[in-house]
Amino acid sequence: MKVIALVLVGLLCVSAETQTRSPGQLLVDHINSLILSIRNEQTEHDDIYTVQQRECGDELGFRKKEVQDAVDALTRATEHKGRAQAAHASATADLIRVKTYQQILEDQVEFITTRRNDRAANFNKKVQNINTSLSLIDGAEQIVNEFANSSASFLQVTKHFNNMFLQATKAGNAGEYAPLLSVLVELSGDGNVSVDNINRIRQLLNELREKLQAALSQLTDNENTQIEVFQARKNRVQDVITLLVNVQGQLTAYIAQLQATITKEEDIINSATSKRIRNQNLLNYASDMCNAFNTEYSDSTGARRKEVELLTKLRTFVEQRVEEFNQYGGDPTDVFASYAKQGPAQAAEAQFLQLRANLRSRK
């Protein structure tokens with residue numbers, strides 16, 4: 001038996017107190033009750049749908065804002081990271097250049113220091129040669145005096161002067177001894193040792209001493225000047241090296257700061273990415289849920305509207321045949337079947353009402 005017929009049976013099998021109304025009138029009352037029930041159900045659904053729409057709006061708005069906030073944070077962090085990486089690369093290149101410059105300057109200091117040490121060693125050697133020559137000159141004067149007093153032989157004189165010539169050759173100034181050598185050769189030729197010859201030797205020795213002392217003074221002055229030039233140049237280079245060392249420290253600290261910034265921005269990027277994905281998934285879920293709410297509301301509202309329309313038609317049909325339905329008495333099945341026989345459209349409407357009745361009986 002059709003469910004709608006069962007509903008009608010329940011209404012038509014009334015107690016004695018309701019027998020004052022005819023079966024047709026009771027059927028109309030029941031149809032009106034169903035229409036009112038459907039409209040009440042629609043009102044409740046409208047209220048629920050209004051709440052759903054408000055909550056959907058809040059949720060979708062919140063999730064969209066969370067997604068946009070994450071995108072904005074991701075964009076900012078990516079830009080900050082890019083700038084930090086560019087600065088890091090530039091600072092690292094600068095640090096390499098500074099270290100290269102420092103090494104060049106340190107090599108230069110090492111070079112000029114080595115050259116200065118070599119020149120100092122050469123100076124000391126020259127000073128030693130000059131002092132040795134001066135000492136030999138002092139010895140030569142003494143032996144010449146002894147030779148003049150006949151307390152020293154000519155052989156002793158020539159032997160001492162030979163040492164002087166050897167030292168002069170070693171020192172590279174043998175040419176300065178040429179006049180003295182000429183006098184000694186003259187003495188060895190005639191063996192005549194005159195006072196003039198002795199005085200001439202003494203004069204030449206004195207001239208040699210003055211030349212050597214002047215050379216020593218000039219050599220010392222040059223050495224002092226070279227030391228001053230070297231020290232000034234070294235100091236300037238050392239000042240630049242000190243500056244470069246300070247710059248290295250600053251660049252190293254700056255690079256470390258940039259690396260910390262890069263790491264921080266990477267953390268923000270990871271966090272923002274996770275936040276964007278999480279909220280985008282929640283947004284998609286909320287959107288699907290809200291779409292389901294909309295679909296359910298639209299389908300349910302349409303079904304109720306059609307149900308009310310059909311019930312209204314059925315009520316009209318019943319009202320037009322009240323006397324006929326009164327004759328059916330307590331058998332509403334014949335009434336329902338009578339409506340279905342009106343045509344294919346009415347049969348379909350009867351089937352729809354039965355389906356809706358089945359759904360309602362399960363609630």
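**Reading a predicted helical chain**

Of the 363 residues in the protein chain, 33% count as buried. The model is predicted: local features need pLDDT of at least 70, side-chain atom pairs count only at pLDDT 80 or more, and totals for chains, interfaces and linings use all residues. Numbering starts from 1 along each chain as its sequence is written, and side-chain values use heavy atoms, leaving out hydrogens and water.

User: What makes a residue count as buried here?
Analyst: Buried means under 20% relative accessible area, exposed over 50%, and partly exposed in between, with a 1.4 Å probe and protein chains only. In the protein chain, 33% of the residues count as buried.

User: How do you know how many helices and strands there are?
Analyst: Helices (H or I, at least four residues) and strands (E, at least two) are DSSP runs, numbered from the N terminus. The protein chain has 8 helices and 0 strands.

User: Why is the set of 27 residues called a nonpolar core?
Analyst: The name applies because a nonpolar core is a set of buried Ala, Val, Leu, Ile, Met, Phe, Trp, Tyr and Cys residues joined through side-chain atoms within 4.5 Å. Ile137, Phe161 and Met164 are among the members of this largest core that touch the most others. Helix H2 gives the largest share, 10 residues.
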